[in-house]
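Here are a few notes to read with the model open beside you. Take the points in order and find each part as you go.

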Amino acid sequence: MKIKEEHILDFNKASLETHNDSFDFLSSKLSKNGHDVQGIISRLADFQVAIPSWALGAGGTRFGRFSFFGEPSSLEQKIEDVGVLHSLTQTAGAVSLHIPWDIPSDYNAIKEKADALDIKFDAVNSNTFQDQKNAKETYKYGSLSNTSQAVREQAIQHNLDVIKIGDKLGSKALTVWLADGSCFPGQNNFQTAFQNTQDSLIDIYKGLPDDWKMLVEYKPYEPNFYSTVIQDWGASLMLANGCGDKAYTLVDLGHHLPNSNIEQIVSILQLKGKLGGFHFNDSKYGDDDLTVGSIKPYALFLIFNELVYGMANNPQNPDLAWMIDASHNVKDPLEDLIQSLEAIQEAYAKALLIDQAALRAAQIDNDVVKCQEILQGAYRTDVRPLLERARLGRGGALSPIQAYRSLDVRNSLIKERGKNTVATGL
Ligand code: RM4
Ligand code: MN
Ligand code: MN
């Protein structure tokens, strides 16, 4: 399914006047306060976030899975779904593949399809948290950290294969997330597990093309419940530093223990030039993989404040690989992703409204109250007309979620693909 531009234009007509009114009102207010409204709009339009190929079907929990029907059953169809998201939102111009769930059978055909929909291939993800069919060795007790050299070699080879697949598609980064760890005290020797992981990562790093990055993700628990080998950003940073300049830490918002100060982590990693990638989601308890901004939108805004500061002041840090990493149990996955994309843009737009010079001056004066006023003044602004204008300028929908519903996308997908198709992924 492909959404036609004229359908979006048609849909936009009904609310164009309301949009223009609210945009003019906000824009004149912001301009009077010294904001460069056009500059903000073009930064919003440029901000593209990758959609993970495994998030286009229902996620489910270990207790059950409830489909939304019409799920994409091939990589081609997954790319078409990302195309739907991108044509409505104009902010989902990339896809992130998980291997082996999404190995292309015909590389040229996939590249052509993605090109036609204006979608790029972002970081590729390896999977050593599940045993693959006919695999010789098992990852039951870990992969890159395993005590067995044969298992480590198999896991290293898998990562090297993933790089080759990504290279054929134009990807420029490998994301390594390890489930390795232990479920019970005494099960693992922490030092051996860490050292094995470092050595294995170095072997993978050696196979990285010159213009590639390796992104090392951390997570404190799950699926192991006593210890995780790469438990936090410190462990990730040590491993990245142990590999070299092309290795970076990746921050996934759901991979922190409750109340961690994620914005501070993001800030310091950028200062050190070591923040390479970002996975967006939201959570109440752990790695809940909920819709971005659905639980802690203010925390997301504070994180974006640091990202905006870093992007402006830390040339030592490279451009980041942005990706949504969420799972959908009770929502239509495409609607959920549209909501996540909107929440990301909203937090970014609000962060762009922070008067960084005034904040800096207030910090130097130790005017704590003013610092808070500056942050919250930006946060309380309803920036949605700016998001609408950015989308409109690129041919997107004024309201992607309403357009998705009024164009009856899910039913068209069901008609096209049938009801009981199942997407690969979690
Ligand atoms: C992990 C982690 C990875 C993702 C898998 C599916 O918790 O967030 O980034 O690839 O889930
Ligand atoms: Mn992740
Ligand atoms: Mn996760």
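1. Start with strand 10 (residues 275-280): six of its six residues are buried, so the rest of the structure largely encloses it. Buried means under 20% relative accessible area (1.4 Å probe, protein chains only). Strands (E, at least two residues) and helices (H or I, at least four) are DSSP runs, numbered from the N terminus.

2. This is a predicted model, where local features need pLDDT of at least 70 and side-chain atom pairs count only at pLDDT 80 or more, while totals for chains, interfaces and linings use all residues. Residues are numbered from 1 along each chain as written, chains are lettered from A and ligands numbered from 1 in written order, and side-chain values use heavy atoms, leaving out hydrogens and water.

3. Strand 9 (residues 247-252) runs parallel to strand 10, joined by four bridges; strands pair if DSSP finds at least two bridges between them. Strand 11 (residues 321-324) also pairs with strand 10 in the parallel sense, over four bridges, and there H279 has M323 as its bridge partner.

4. F280 and W322 are stacked, because their ring centres are 5.9 Å apart and their planes at 20°. Rings of Phe, Tyr and Trp (its six-membered ring) pair with centres within 6.5 Å; planes under 30 degrees apart count as stacked, over 60 as edge-to-face and the rest as tilted. Both F280 and W322 are buried.

5. F304 and Y348 make a tilted pair, 5.6 Å centre to centre with 35° between the planes. One aromatic cluster takes in F47, F278, F280, F304, W322 and Y348.

Technical notes: Buried < 20%, exposed > 50% of the residue type's maximum accessible area, 1.4 Å probe, protein only.
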